[in-house]
Amino acid sequence: MATSTHSLGYAGCNFLRQRLVLATLSGRPVKIRKIRARDDNPGLRDFEASFIRLMDKITNGSRIEINQTGTTLYYQPGLLYGGTVEHDCSVLRGIGYYLEALLCLAPFMKHPLKIVLRGVTNDQVDPSVDVLKATALPLLKQFGIDGESFELKIVRRGMPPGGGGEVFFSCPVRKALKPIQLTDPGKIKRIRGVAYSVRVSPQMANRIVDSARSILNKFIPDIYIYTDHMKGLNSGKSPGFGLSLVAETTNGTFLSAELASNPQGQGVAVLPEDLGRNCAKLLLEEIYRGGCVDSTNQSLALLLMTLGQQDVSKVLLGPLSPYTIEFLRHLKSFFQIMFKIETKPCGEELKGGDKVLMTCVGIGFSNLSKTLK
């Protein structure tokens, strides 16, 4: 293991989560310099510091050093420990920001992870808890991560800027992952969604549903959008509303889109009708992009393929997002793994945008901490 002591160096604040997650899984220390060094307010932001604290809570023996200005971070990962954890997320970012990283790490803990996260459940930046529940959990099941204790539920909704939401996530541990062959996305068979409203009139959710259906009904008849109106203690601290839509295909692929209203006191007020229509159009665009994994979860799928057994995994994706492209570079530097990338232009079989077939042989990652009991 002589190679693992060699630390990787990066500059800048971009892709901080990717680097810390991959460092934890590969056991390689990272040093990140010049974090917003030229900014008026240099160093790590609140939400990044909160993320680092979360990493510290779920691992055992991690060494984290941050200089006084917060512009340099050294992270030497410990063992993934898991167990029962509570964490108050920064309200500057959604809970999805933290959950995306936990979805990558949770299957490889020593003890099954049971975590309560508090903060903003739905915002305009990060994937909402609704969308992760509908798309990321079925994706993890494809890799053999499943069981009664595998769940993600929203206890309270919280909208920005006040937050006040609460989410419970639990995930079983696995020693190894199954290789996957996801090359045929199938045809769209139904659309499901949740229109939610907190601290505003419950009528808002109904208006969103009607406007979204006005567009989607032309596409497919099997549509059901739930309305979720939380009141009292369950509605967090700020008013807001939004919609998350998920299209499911005949082969069990889930494609998602979502929109949330502007935070209280920021930007122009959004009409629920406009929000519903725009979200429906976003979903149709995601369906056009296609692939077996939607654009939110591309990097999660590629990471799990990398960590799979020493066997070939294939997945068909829509156009790669810039985040995914950077993620592939990071996979190469942390795990020395290269993907074979074949472009599949849209033709007879594949409708919509150009697709990419990603193939790799897993590194045979094994959850060592699970065997140490």
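## Basis of the description

Residues are numbered from 1 along each chain as its sequence is written. In this predicted model, local features need pLDDT of at least 70, side-chain atom pairs count only at pLDDT 80 or more, and totals for chains, interfaces and linings use all residues, while side-chain values use heavy atoms, with hydrogens and water left out.

## The open sheet

Four strands form an open sheet in the order β7-β8-β10-β9, with mixed pairing. Strands (E, at least two residues) and helices (H or I, at least four) are DSSP runs numbered from the N terminus, and two strands pair if DSSP finds at least two bridges between them. At the edges stand β7 (82-88) and β9 (151-156), each of which pairs on one side only. From one strand to the next, the twist averages 10°.

Strand β8 (residues 111-119) pairs with strand β10 (residues 165-171) in the antiparallel sense over 7 bridges. Arg118 stands opposite Glu166 in β10.

## Helices on the sheet

Helix α3 (residues 95-105) packs on the sheet and touches β7, β8, β9 and β10, where contact means heavy atoms within 4.5 Å. The direction of α3 makes about 170° with that of β8. Helix α2 (residues 46-58) lies across β7 and β8, and runs at about 160° to β7. Such angles run from 0 to 180 degrees between N-to-C directions, with axes fitted to C-alpha atoms, for helices over the stretch in contact.

## The largest cavity

The whole structure holds 2 cavities of 30 Å³ or more. A cavity is a set of points on a 1 Å grid, over the protein atoms alone, where a 1.4 Å probe fits but cannot get out; lining residues have an atom within 4 Å of a point. Points are joined across faces, edges and corners, and the volume is the space filled by probe spheres set on them.

The lining comprises 9 nonpolar, 4 polar and 2 charged residues; Ala, Val, Leu, Ile, Met, Phe, Trp, Tyr, Cys and Pro count as nonpolar, Asp, Glu, Lys and Arg as charged, and the others, Gly among them, as polar.

## The second largest cavity

About 100 Å³ of space lies in the second largest cavity. Of its 13 lining residues, Leu139, Gly252, Thr253, Phe254 and Cys292 lie nearest the centre. Helix α4 gives the most to this lining, with 4 residues.

Definitions and conventions: 1 Å grid on protein atoms, 1.4 Å probe; cavity = no way out; pocket = protein on both sides within 12 Å on 5 of 7 lines; lining within 4 Å.
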